[in-house]
Amino acid sequence: MSTEDWRTAIERQREQKDRYFREDPHSPIPPDEREAFDGLSYYPPDPDLRFEVPLDEHDEKERVTVATSTEGEQEYVRWGEFHVTVEGEDVTIQAYKAEPDDDRLWVPFRDATSGEETYGAGRYLDLEPDHHRTADGDWLLDFNEAYNPTCAYSDRYECPLPPGENWLSVPIEAGERAFH
């Protein structure tokens, strides 16, 4: 995919999400705020924060307990890790699965923008094999697709929080910014 096609696809995804948040009855935006909702805030698409990388699967896939935004807990399987370079710094980020037989990977993270420019509790990436696997088996880890969990829009939601091992010291200036 060319850079221009990729950028157009990112913009289209964002327009669809804004429309869903504004119009759909299942939107996480509280109903009394939807009429005034004029879209989410995003960083401009940055091709330097889009990586084609292998997933280094862990030999032993441990179950980890993750705290939630409502002081609860959820369990995930630490499946593997990605290694990328952001702003000259080597970064390792863990990928999880809800269940071992799931195809998709969940990559929650906090970074140096969390609580400043982006949602304080962190953001997520969902990696689906149909859209995020390359022909040679690598994964597309595209931080431009980073999104806020539903609890960023309303406290009626319970969201898992990124484990400390995915608290990155570098800024990830891509994807969704803080709401409001």
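What follows is a conversation about a predicted model and the terms used to describe it.

Colleague: What makes the protein as compact as a globular protein of its length?

Modeller: Start with the elements. The protein has three helices and eight strands. From the N terminus they run α-α-β-β-β-β-β-β-β-α-β. The radius of gyration is 16 Å, and the globule rule gives 16 Å for 180 residues, so the protein counts as compact as a globular protein of that length. The C-alpha atoms fill a box of roughly 50 × 40 × 30 Å along the principal axes.

Colleague: How many of the contacts link residues 24 or more positions apart?

Modeller: Such pairs make up 61% of the contacts with a separation of 6 or more. Contact here means heavy atoms within 4.5 Å.

Colleague: What share of the residues is buried, and what does the surface look like?

Modeller: Buried residues are 46% of the 180. The cut-off for buried is under 20% relative accessible area. The protein exposes about 9700 Å², with 42% supplied by carbon and sulfur atoms.

Colleague: Where do the charges sit on average?

Modeller: There are 18 positive and 45 negative charges. Their mean positions are 4 Å apart.

Colleague: Why is His 26 called exposed?

Modeller: Its relative accessible area is 61%. Exposed means over 50%. So His 26 is exposed. The residue is found in the loop between α1 (3-23) and α2 (31-34).

Colleague: Which residues does His 26 touch, leaving aside neighbours within four places in sequence?

Modeller: His 26 is in contact with Tyr 20 and Tyr 157. As for Gly 39, it is 13 residues from His 26 in sequence and 16 Å away in space, C-alpha to C-alpha.

Colleague: What makes β7 mostly covered?

Modeller: Count the residues. Strand β7 spans 123-127, and four of its five residues are buried. Each of those four falls under 20% relative accessible area.

Colleague: How do you know that β6 and β7 pair?

Modeller: Pairing takes at least two bridges. Strand β6 (residues 105-109) and β7 have five, in the antiparallel sense. So they pair.

Colleague: Which strands pair with β4?

Modeller: Among them is β2 (residues 56-57), joined to β4 by two bridges and running antiparallel. Glu 57 stands opposite Gly 80 in β4. Next, β3 and β4 pair in the antiparallel sense over five bridges. There, Arg 63 has Val 77 in β4 as its bridge partner. Then β4 and β5 pair, also antiparallel, over nine bridges. Arg 78 stands opposite Tyr 96 in β5.

Colleague: Why is Glu 71 called exposed?

Modeller: Its relative accessible area is 79%. The cut-off is over 50%, so Glu 71 is exposed.

Colleague: Where does Glu 87 lie, and why is Glu 87 called exposed?

Modeller: Glu 87 lies in the loop between β4 and β5 (89-97). The hairpin of these strands has two residues between them, and Glu 87 takes a positive phi near 50 degrees. Its relative accessible area is 64%, against a cut-off of over 50%, so Glu 87 is exposed.

Note on methods: Residues are numbered from 1 along each chain as its sequence is written. This is a predicted model: local features need pLDDT of at least 70, side-chain atom pairs count only at pLDDT 80 or more; totals for chains, interfaces and linings use all residues. Side-chain values use heavy atoms; hydrogens and water are left out. The radius of gyration is taken over C-alpha atoms; the globule rule is 2.2 Å times the number of residues to the power 0.38. Buried means under 20% relative accessible area, exposed over 50%, partly exposed in between (1.4 Å probe, protein chains only). Accessible areas come from the Shrake-Rupley method with a 1.4 Å probe; for residues, only the protein chains shown count as cover. Lys and Arg count as positive and Asp and Glu as negative; His and the chain ends are not counted. The place of a charge is taken as NZ of Lys, CZ of Arg, CG of Asp or CD of Glu.
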